[in-house]
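Here is a short tour to read with the model open beside you. Please bring the structure up on your screen, and we can walk through it together.

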Amino acid sequence: MSVLSDIAELVQKGKAQEVADLVNQALAENISAQQILDEGLLKGMGELGVRFKNNEVFVPEVLIAARALNKGTEVLKAKLVEEDVKPIGRVVLGTVAGDLHDIGKNLVKLMLEGAGFEVIDLGTDVPADKIVAAVGEYNPDIVALSALLTTTMAAQGDAIKALVDAGVRDKVKVMVGGAPITDAFAKEIGADAYTEDASAAAEAAKALIA
Ligand code: B1M
């Protein structure tokens with residue numbers, strides 16, 4: 001079995017330290033950070049997601065797997081993020097109100113930082129008024145919003161409306177993403193950009209501030 005399929009399997013078993021060790025081993029074998037992410041860490045979480053949907057595993061197992069995945073991305077971060085680079089822009093990032101999913105958001109953060117952005121991470125379950133307050137406090141170039149549930153995607157629109165109502169919509173670009181989000185939905189709520197994955201999010205952010 002290859003180191004990448006071992007990583008995918010150990011993510012599903014929630015073995016955080018073993019995952020971190022194997023990520024280090026894969027880097028030592030000159031496997032690219034992107035490949036480790038896609039074919040190891042995310043593949044494992046994707047497979048677990050199918051078992052979660054089929055009621056073969058439940059919330060505790062998924063939480064433990066998420067912790068293992070995060071531990072693996074921490075190891076990759078050193079590789080993906082260049083140190084001592086002057087920020088090219090500032091992003092306020094968060095998962096919207098009612099939504100606790102943060103793995104995709106954390107990947108977006110990693111990729112944005114890798115692309116040279118300073119990222120203010122507001123965390124999960126972030127209400128619209130907190131996003132407006134963060135725009136006032138941090139004066140970001142971009143607000144980036146994640147949503148993973150069909151029941152919380154509307155909160156991205158609520159956040160944009162709150163920015164309009166507060167008179168600060170024109171000061172920032174807004175990017176949205178997350179599994180249920182589509183380009184059509186992003187346009188409908190008045191976002192400036194939608195991307196399907198975290199790497200594309202970093203590219204889109206660079207284009208937005210160009
Ligand atoms: Co949740 N969950 N979950 N869950 N969970 C999903 C999303 C679900 C699809 C599972 C399923 O039924 N198949 C389903 C949603 C159904 C729907 O709405 N259509 C679901 C559900 C129903 C729920 C609960 C309601 C379950 C319950 O309690 N009965 C509950 C809701 C809690 C809440 O938020 N209020 C819940 C809870 C949880 C856990 C807490 C157990 C855990 C989250 C742990 C954590 O995040 N720390 C969890 C997990 C892990 C999942 C699955 C298994 C994996 C999600 C994930 O992290 N994927 C997921 C099933 C699945 O996706 N296969 C599922 C990996 C991650 C890298 O992908 O976040 O999509 P993703 O990010 C992608 C892109 O979307 C994109 O980039 C990333 C890739 O590069 N992206 C952006 C994300 N944000 C972006 C922002 C951008 C651009 C791109 O620009 C700003």
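Which residues in helix α1 (residues 3-13) are buried? They are V3, L4, I7, A8, L10, V11 and Q12, where buried means under 20% relative accessible area, exposed means over 50%, and partly exposed lies in between (1.4 Å probe, protein chains only). Please keep in mind that this is a predicted model, in which local features need pLDDT of at least 70 and side-chain atom pairs count only at pLDDT 80 or more, while totals for chains, interfaces and linings use all residues. Residues are numbered from 1 along each chain as its sequence is written, and side-chain values use heavy atoms, with hydrogens and water left out.

**Around helix α1**
- The cover over the buried residues of α1 includes α2 (16-28), α3 and α4; helices here are DSSP runs (H or I, at least four residues), numbered from the N terminus.
- An α-helix has 3.6 residues a turn, so residues three or four places apart point the same way.
- Just after α1 comes G14, with a positive phi of about 75°.

**Two domains**
- The protein splits into domain 1 (2-82) and domain 2 (89-209), with bounds taken from an automatic or database domain assignment.
- Between the C-alpha centres of domain 1 and domain 2 there are 25 Å.

**Where the domains meet**
- Contact (heavy atoms within 4.5 Å) links 11 residues of domain 1 with nine residues of domain 2.
- About 820 Å² is buried between domain 1 and domain 2, with carbon and sulfur atoms giving 72% of that area; buried area is the accessible area (1.4 Å probe) that two parts lose on being put together, summed over both.
- One salt bridge is counted between domain 1 and domain 2, the term meaning a side-chain nitrogen of Lys or Arg within 4 Å of a carboxyl oxygen of Asp or Glu.
- The side chains of K77 and E113 form a salt bridge at 3.3 Å, N to O.
- On the side of domain 1 that touches domain 2, α3 (33-53) and α4 (59-80) each supply at least two residues.
- The largest share of that side, six residues, comes from α4.

**A look at D183**
- D183 sits in helix α8 (residues 183-188) and is partly exposed, with a relative accessible area of 39%.
- The side chains of D183 and K187 are joined by a polar contact of 2.8 Å, that is, a pair of N or O atoms within 3.5 Å; within protein, one must be able to donate a hydrogen and the other to accept it, and residues adjacent in sequence count only if both atoms are side-chain atoms.
- D183 and T195 are 12 residues apart in sequence, and their C-alpha atoms are 7.7 Å apart in space.
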